[in-house]
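Let's take a walk through this structure together.

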Amino acid sequence: MKKEEVEAEYVRVYKPLVKKFCDEVSAIADQYQPEKGKNLAPAPFLPIIGNGYYDAQIRVAIYGMETYCWHDLYRFVKKFDKDNTQSLAEVKAYTDGIEGDNGTYKKRFQNHHGVMYENKSSYGFWKFVYSALACIYGITDDKIRNKQELLRSFIWGNVNAYEKYEASWKKKVKYSPNKKTDWQKVFDASQCFNSAQLLFPYTKPHIVVVFYRGMTRKWLTGKEGKWEENELRKIDWSDFFVNNPKLTDEQQKTLKKYIRCYYLSDTHTVVFKLMHPQGMLHHGKGIKVAIWKAAINYAIQKIMKDNNISSAH
């Protein structure tokens with residue numbers, strides 16, 4: 001997979017969408033510029049492709065639900081003022097927090113995923129990301145932290161490009177339930193970014209792990225309606241439940257309900273839909289974090305074997 005070709009396609013696909021979005025929200029963004037002394041409005045999040053993705057033995061994409069107070073809408077829009085071939089790259093670089101001026105995210109990411117923020121909670125999002133990556137590459141959670149080439153090798157995205165108001169309330173964007181206030185207008189404009197089909201057809205990931213139970217068929221495949229039979233992948237849980245006899249029937253049902261697998265035949269992509277780690281904490285029926293990770297790893301290993309996906313690590 002050639003980096004230049006993927007990046008060119010990324011620009012071709014996203015550039016008109018970013019321009020459309022910026023045109024729609026430009027007047028709103030002007031109201032939240034730093035010079036006016038107001039709280040900043042969050043910017044949309046575009047998928048980040050790690051520099052090592054193109055040569056990775058296993059191409060992996062990790063998706064979350066949404067961001068939290070992501071950058072600055074005003075700066076995002078102004079980055080796209082010049083209609084040239086570099087404009088989207090500038091927006092993306094700023095969003096990545098690599099060439100942008102957001103110090104917090106510069107520290108969290110070096111060259112796409114080199115250093116990741118670690119939440120102190122056992123149910124922190126990135127701790128589950130580490131665990132899933134370690135499982136995919138056949139190494140331990142501890143060892144993945146020292147595998148810089150692997151931490152730079154995956155796509156990071158979010159199912160929702162623009163965070164819900166409750167996640168970004170500290171920005172204090174004008175908001176009122178059920179009314180077309182500033183936040184709602186920006187949120188509506190951002191819906192053009194909410195589709196895996198904007199990226200997967202040309203990045204062709206082997207494995208996608210989505211930590212969001214709200215992932216829909218439309219977001220993943222672009223198609224409405226129920227999942228088709230050829231899009232489903234059944235996970236045989238019998239061995240896992242035998243080895244974890246203390247799990248109640250209700251807990252077994254919870255694991256089976258919130259660890260699902262799908263298949264995209266066009267790109268031969270296996271997709272795992274999981275609950276967000278914070279959801280596991282609050283709605284996990286008393287299932288311990290170690291069991292959640294073990295169950296996710298079991299499912300990944302089973303499906304990888306069924307689809308002849310293996311790693312030399």
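Phe240 and Tyr298 are both buried, where buried means under 20% relative accessible area, exposed means over 50% and partly exposed is in between, using a 1.4 Å probe and protein chains only. Keep in mind that this is a predicted model, where local features need pLDDT of at least 70 and side-chain atom pairs count only at pLDDT 80 or more, while totals for chains, interfaces and linings use all residues. Residues are numbered from 1 along each chain as its sequence is written, and side-chain values use heavy atoms, with hydrogens and water left out.

A pair of aromatic rings is described by the distance of the centres and the angle of the planes. Here, rings of Phe, Tyr and Trp (its six-membered ring) pair if their centres lie within 6.5 Å; planes under 30 degrees apart count as stacked, over 60 as edge-to-face and the rest as tilted. The whole structure has 21 aromatic pairs. In one of them, the ring centres of Phe125 and Trp126 are 5.1 Å apart with the planes at 80 degrees, so this pair is edge-to-face. Phe125 is buried at 15% relative accessible area, and Trp126 is buried too, at 9%. Back to Phe240 and Tyr298: their ring centres are 5.4 Å apart and their planes at 50 degrees, so they make a tilted pair. With Phe240 in helix α12 and Tyr298 in helix α15, 58 residues apart, this pair links distant parts of the chain. Helices (H or I, at least four residues) and strands (E, at least two) are DSSP runs, numbered from the N terminus.

Which residues form one aromatic cluster? Phe45, Tyr123, Phe125, Trp126, Phe128, Trp156 and Phe211 do. Phe128 also has a charged neighbour, with Lys293 over the face of its ring at 5.3 Å from the ring centre. Likewise, the charged end of Arg233 sits over the ring of Tyr263, 4.1 Å from the centre. For a charge to sit over a ring, NZ of Lys or CZ of Arg must be within 6 Å of the ring centre and within 35 degrees of the ring normal.

Now for the charges. Side chains of opposite charge can pair when their charged atoms come close. The structure holds 11 salt bridges, each a side-chain nitrogen of Lys or Arg within 4 Å of a carboxyl oxygen of Asp or Glu. Asp239 and Lys302 meet in one of them, at 3.8 Å from N to O. Asp239 lies in helix α12 and Lys302 in helix α15 (residues 289-306), so this bridge ties together parts 63 residues apart in sequence. Asp239 is partly exposed at 42% relative accessibility, and Lys302 is partly exposed at 26%.

Arg217 and Glu228 form another salt bridge, with the closest N and O atoms 3.1 Å apart. Arg217 is buried, at 7% relative accessible area, whereas Glu228 is partly exposed at 38%. Together with Glu231, these two residues are linked in a network of salt bridges. Glu24 and Lys20 form a bridge as well, with the closest N and O atoms 2.8 Å apart. Glu24 and Lys20 are four residues apart in helix α1 (residues 3-30), which means about one helical turn separates them.

Finally, step back to the chain as a whole. Its secondary structure comes to 15 helices and six strands, and 52% of its 313 residues count as buried.
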